[in-house]
Amino acid sequence: MHIGAESESQMQTITQTKGRDLVSLAQALAAQKENSRDLVIPTQKLEMSQDGKLGFVNGTDQFFDLNNWSRSQLSGYTAIPKQYFDRISEENKPLLADMVNHSLIKTSLQAKEEGKSESRMLRTVGPTIRALVSGKFRRLDAFDLLNETLPILLDNQFEPISCELTEKRVYVKAVTKKITSEVKVNDPVQFGVMFSTSDVGAGSLALEPFIYRLVCLNGMVTESTIKKRHIGRNQASDNIEELLSQSTLELGDRAFFAQLRDVLTASMKPEVFEREVNKMRKAADIPIKNFDLENVVELAMRSMSITGDNTKKSILDSLASGNQGAGLTMWGLANSFTAAAKAEHLDYDQSVELERAGGEIINLNANQWKHIAEIVH
């Protein structure tokens, strides 16, 4: 492992093709925060209009559009299968409204019978609901997260190379030219970290090592270091409440952000990188013995819960091409997934899933690897 100055050809960091730069991310998060409102609505007062909007009547009507993520949350809450929900939304909005409202009333009555108060938090930005979550949902703001973590990244000479704000999550990937190594001769990798969070109920905050392979500019996400669920005090009541003050939450957030800063700093140590690179070196010496490569890719995708014919083709093409010298090995298969992450047909969330899948392949145990890449099925 090398720490310090390196040859320019190996050490030059090139921004990934997917995502946006840090300035663009900060502007998007600031605009979102400026235009956001959080409302806790008792379920019995929540309703869908005949034109497919969700909201409530409280002196004046307040109804909002749903994006794809909040639609999926509403379909789950009302137990209406997502594919059917989407189809009826296109074909017959009044029917969908009747189904949603019936389910909301049923849920409210059931909660009342059990002596409970059921509510949902609507996280809105402008005219759109970006999240429909529990009244217990604890708001860890992504803008604040960026403010807390960015100085640590920059102080440790980690350069953000790819950022994104999706409907579900916020991502920042950063690498450092100071800490590099080689998986094989002439196969250099740089050390990085990826942190991501969701303030709309799409998973917890995660801080993960990010390994950047320089010969092909593939990124691989490995083991998660820290996770934090967005659960807080139960805010359910019988009144519609707009959450204006976060003073109590901010006290708890300060403690959490202090913990996050400590863990982030610890995650940037060279020994963390060397541990991950050692796994990759071992993977580079583990061959694929099943030469039905399509079968290998199918089994690996199934094991990693990755789907899609176009994605399968991208992975298979990369594996067959040798992946810039990675070859028909565990290292090569892992890089086939991370190479496929660049495909234009994928959104950023899907690309990160493939980068994580690459890391998962490196961590397969002997029996799992044998099933995928050694046995002819």
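Select Ser181 to begin: this residue is buried, at a relative accessible area of 2%, where buried means under 20% relative accessible area, exposed over 50% and partly exposed in between, with a 1.4 Å probe and protein chains only. The model is predicted, with local features needing pLDDT of at least 70, side-chain atom pairs counting only at pLDDT 80 or more, and totals for chains, interfaces and linings using all residues. Residues are numbered from 1 along each chain as its sequence is written, and side-chain values use heavy atoms, with hydrogens and water left out.

Ser181 sits in strand E9 (residues 170-184); strands (E, at least two residues) and helices (H or I, at least four) are DSSP runs numbered from the N terminus. Now show the side chain of Arg281, which makes a polar contact with the side chain of Ser181 at 2.6 Å. A polar contact is a pair of N or O atoms within 3.5 Å; within protein, one must be able to donate a hydrogen and the other to accept it, and residues adjacent in sequence count only if both atoms are side-chain atoms.

Next, select helix H8, residues 270-284. The end C-alpha atoms of H8 are 21 Å apart, which agrees with the 21 Å that its 15 residues should span at 1.5 Å a residue; the expected span is 1.5 Å times one less than the number of residues. Buried residues in H8 include Val272, Phe273, Val277 and Met280.

Move to Gly192 in strand E10 (residues 187-197). Gly192 is buried, with a relative accessible area of 0%. Leaving out residues up to four places away in sequence, Gly192 touches Phe158, Ala174, Val175, Pro209 and Phe210, contact meaning heavy atoms within 4.5 Å. The C-alpha atom of Thr180, 12 residues away along the chain, is 9.7 Å from that of Gly192.

Then pick Glu164, in strand E8 (residues 159-165). Glu164 counts as buried at 14% relative accessibility. Its side chain makes a polar contact with the side chain of Arg20 at 2.8 Å. Beyond four places in sequence, the residues touched by Glu164 include Arg20, Leu25, Arg169 and Tyr348.

The last stop is the largest cavity, which holds about 40 Å³ of space. A cavity is a set of points on a 1 Å grid over the protein atoms alone where a 1.4 Å probe fits but cannot get out, and lining residues have an atom within 4 Å of a point. Select its lining residues, among them Val189, Tyr212, Arg213, Met220 and Trp331. Strand E11 (205-213), strand E12 (218-221) and helix H11 (330-340) each supply at least two lining residues.

Key:
1 Å grid on protein atoms, 1.4 Å probe; cavity = no way out; pocket = protein on both sides within 12 Å on 5 of 7 lines; lining within 4 Å. Points joined across faces, edges and corners; volume = space filled by probe spheres on them.
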